[in-house]
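Subject: Structure handover

Hello,

Here is the structure for you to look through. My notes on what was found in it follow below.

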Amino acid sequence: MRFPKIIRHRKAEVTIYGKTKNYPFYRIAYRADGKRQMKNFAKYSEALDEAEEKAKKLAEAHPIVALSAAQARDAITALQMLDAFRPEGHRITLSTAILEFIEASKKLGSRKIREAVEKFMQTEAVVKPISVSKAVEDFIEVRKHLSEAKEGKRAQLSPTYASNIKTWLRDFAATFDGTSLCDLTKDHLNIYIQKHSVVSPKSRNDRRATVKMFLAWATRLDYLSASHRLLEADGMVRELVESAETDYYRPDEFQKFLNNSESDLRGAIAICGLAGLRGEEVMRLDWAEVWRWRDTLRSPQVKPRHGNAVW
């Protein structure tokens, strides 16, 4: 048999070279993607089979002919792995996987992708799906005990404040009825605040503070991602409230106030005016908290006719 032997298929050619004293292998040579490729075989029959197969693929312009045997095996293995891995049923192409790998590697520099993923998973919680309305009701329920006074003790929250929180949050939930909490965006919060544009800045600030408190609770329970950034919404920026000029009762005015008040109210008025307590604070007092102080004037004129409450 004379060598070199040329195997043709249409216009494609593959050359088979015979053995020599210095090189005891049959070789096939061909060009693919502008490069000369060469493979070695111990038997002529193997070289001939490979040459005929390559010639057919070259004629069909098959890209796999440009791969070495090792590269072809790696490509097939990668394709099989990607075919088995289908997140949410979606197929990922080999080119997409390689592109994302290269982009991630460029950003990470010398750090490994696996290290970055493990670090991310340590800080990022899996968000639990829940509707805004359900989360609001859960929040109200877990705080319910704070406005309930135990025997001999005062409640941590005033009933009025607790009622305001419920009203504001239920209004917040009603604004986004049917919306999942994790789907909220900055635009949603802007819409909610804009809805209350007719109320005073202080009232809007109160609502902002309530929503912030609710979102912080939701984040702790993994209903929201720790990186949600909802509080960066323009509508959540606290407004400056211009304080009005502070006025007060003059001594003679306050004396007239006391003289003309009913006896049941006189104690509460005196405490508000002289001790600086607010109305809600006075309404939570009883006389035991007044009389327990030494040297307190126990005047029958300021004691209530019914019960123990100052109010």
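Thr-179 lies in the loop that runs between α6 (159–175) and α7 (186–195); helices (H or I, at least four residues) are DSSP runs, numbered from the N terminus. This is a predicted model, in which local features need pLDDT of at least 70 and side-chain atom pairs count only at pLDDT 80 or more, while totals for chains, interfaces and linings use all residues. Residues are numbered from 1 along each chain as its sequence is written, and side-chain values use heavy atoms, with hydrogens and water left out.

Is Thr-179 buried or exposed? Thr-179 counts as buried because its relative accessibility is 19%. Buried means under 20% relative accessible area, exposed over 50%, and partly exposed in between (1.4 Å probe, protein chains only). Setting aside neighbours within four places in sequence, Thr-179 is in contact with Ser-131, Val-132 and Leu-184; contact means heavy atoms within 4.5 Å.

**Helix α7**

Leu-189, Tyr-192 and Ile-193 are buried in α7. Viewed down the axis of α7, its buried residues fall within an arc of 95°, so they line one face of the helix. The arc is that of the directions from the helix axis to the C-beta atoms. An α-helix has 3.6 residues a turn, so residues three or four places apart point the same way. The buried residues of α7 pack against α6 and α8 (201–220). On the face turned away from the buried side, α7 carries the exposed residues Asp-187 and Gln-194.

**Nonpolar cores**

A nonpolar core is a set of buried Ala, Val, Leu, Ile, Met, Phe, Trp, Tyr and Cys residues joined through side-chain atoms within 4.5 Å. The largest one has 27 residues, and Phe-172, Leu-181 and Phe-214 have the most contacts inside it. At least two residues of this core come from each of α5 (132–142), α6, α7 and α8. A second, separate core has twelve residues, including Val-14, Ile-16, Ile-28 and Tyr-30.

Which residues does Phe-172 touch, not counting those up to four places away in sequence? They are Val-132, Leu-184, Tyr-192, Val-211 and Phe-214.

**Aromatic rings**

There are twelve aromatic pairs in the structure. Rings of Phe, Tyr and Trp (its six-membered ring) pair if their centres lie within 6.5 Å; planes under 30 degrees apart count as stacked, over 60 as edge-to-face and the rest as tilted. The rings of Phe-139 and Trp-217 form an edge-to-face pair because their planes are at 65°, with the centres 5.3 Å apart. This pair links distant parts of the chain, with Phe-139 in helix α5 and Trp-217 in helix α8, 78 residues apart. Both Phe-139 and Trp-217 are buried. Ring pairs join Phe-139, Phe-172, Phe-176, Tyr-192, Phe-214, Trp-217 and Tyr-223 into a cluster.

**Cysteines**

How many disulfides does a search of the whole structure find? The search finds zero; a disulfide is a pair of cysteine sulfur atoms within 2.5 Å. Cys-182 counts as partly exposed at 36% relative accessibility, and Cys-272 counts as partly exposed at 30%.

**Phe-257**

Phe-257 has its place in helix α9 (residues 251–259). With a relative accessible area of 36%, Phe-257 is partly exposed. Phe-257 touches Tyr-249 and Ile-269, not counting residues up to four places away in sequence. The C-alpha atoms of Phe-257 and Ala-270 are separated by 9.5 Å, and the two residues are 13 residues apart along the chain.

Regards
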